[in-house]
Amino acid sequence: MKSSLEQLEDLIADLEAKLNLAPGADPVVLAEKKPQQQPKQQKKKEKKQAAKQNEGKAKGGAAAQVDPNLPDICKLEFKVGVITKAWVHPDADKLYCEEIDCGEEQPRQIASGLRAHYSLDEMQGQRLLVVSNLKAKNLVGFKSFGMVLCAAETNEDGTEKVEFVEPPADAPLGEVVTFEGLPPPAPFTASQVEKRKLFAACMAGMKTNDKCEGTFDGAVFMTTAGPCKAKSIKGGVMR
């Protein structure tokens, strides 16, 4: 009859055969060695997950993180800018073409239907607000990258009065406007703004108040230097 030690040795040998281990090999050590390949697989998995997350961020932009209850106005982006160059559109009677410094690497080219309301000299150096997350549009052959924000009212004779909604003189170029009492803006991508018709959805709420300040449902358009205002239009629509 085999001793207890011999029985144990037989059991070990039987296990080694079943596990395909070399005689005398330490199964604990081997078990520790096997997972050395796991980190590579885990890294690949993590890279794939990170790529998917980054892809989602790229597609969704800021809107991917945004509060679903965020007011539509906070999904638009209004930047402080100044017209550095303006000229008459060669093929459109009502349009000016402008280059506007919004604190970006390059000035924005924008076309505006303001020839009935401002002279070319008045356009030069004008400070204003630019709606900067709109899709570029071809306006009579001129590609416009955004739009300028104005207030308007109807005169007694049926004509229209239009004025820029202007930021304070000390507001830095490129500053993004906030809205008094509302959450910080989380601008959507230009594609999302167009798809959801966000600017059109906000137009009914955008008006100047009795101080000529630009507002959305009463929330004043603000910069770090103060509110944005039209020169004289009170209770006018903004567009």
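Buried residues account for 36% of the 239 residues in the protein chain. Keep in mind as you look around that this is a predicted model. The chain contains 6 helices and 15 strands. Below are some notes on the overall fold, the largest pocket and one glutamate worth a look.

**Overall picture**
- Of the contacts in the protein chain between residues at least 6 apart in sequence, 64% join residues at least 24 apart.
- The protein chain exposes about 14,500 Å², and carbon and sulfur atoms supply 52% of that area.

**The largest pocket**
- The volume of the largest pocket is about 540 Å³.
- It is lined by 25 residues, of which L134, G146, M147, V148 and F199 are the closest to its centre.
- Strands β3 (108-112), β5 (137-139), β7 (147-148) and β9 (160-164) each supply at least two residues of the lining, and so do helices α5 (190-195) and α6 (198-203).
- Sorted by class, the lining has 13 nonpolar, 6 polar and 6 charged residues.

**A closer look at E163**
- You will find E163 in strand β9, one of the elements that supply at least two residues of the pocket lining.
- E163 counts as buried because its relative accessible area is 8%, and the cut-off for buried is under 20%.
- Leaving aside residues up to four places away in sequence, E163 touches Y118, C150, A151, A230, K231, S232 and I233.
- With I233 there is also a polar approach: a polar atom of the E163 side chain lies 3.2 Å from the backbone nitrogen of I233.

How values were computed
Residues are numbered from 1 along each chain as its sequence is written. This is a predicted model: local features need pLDDT of at least 70, side-chain atom pairs count only at pLDDT 80 or more; totals for chains, interfaces and linings use all residues. Side-chain values use heavy atoms; hydrogens and water are left out. On a 1 Å grid over the protein atoms alone, a cavity is a set of points where a 1.4 Å probe fits but cannot get out, and a pocket is an open set with protein on both sides within 12 Å along at least five of seven lines; lining residues have an atom within 4 Å of a point. Grid points are joined across faces, edges and corners, and a volume is the space filled by probe spheres set on the points. Helices (H or I, at least four residues) and strands (E, at least two) are DSSP runs, numbered from the N terminus. Ala, Val, Leu, Ile, Met, Phe, Trp, Tyr, Cys and Pro count as nonpolar, Asp, Glu, Lys and Arg as charged, and the others, Gly among them, as polar. Buried means under 20% relative accessible area, exposed over 50%, partly exposed in between (1.4 Å probe, protein chains only). Contact means heavy atoms within 4.5 Å. Accessible areas come from the Shrake-Rupley method with a 1.4 Å probe; for residues, only the protein chains shown count as cover. A polar contact is a pair of N or O atoms within 3.5 Å; within protein, one must be able to donate a hydrogen and the other to accept it, and residues adjacent in sequence count only if both atoms are side-chain atoms.
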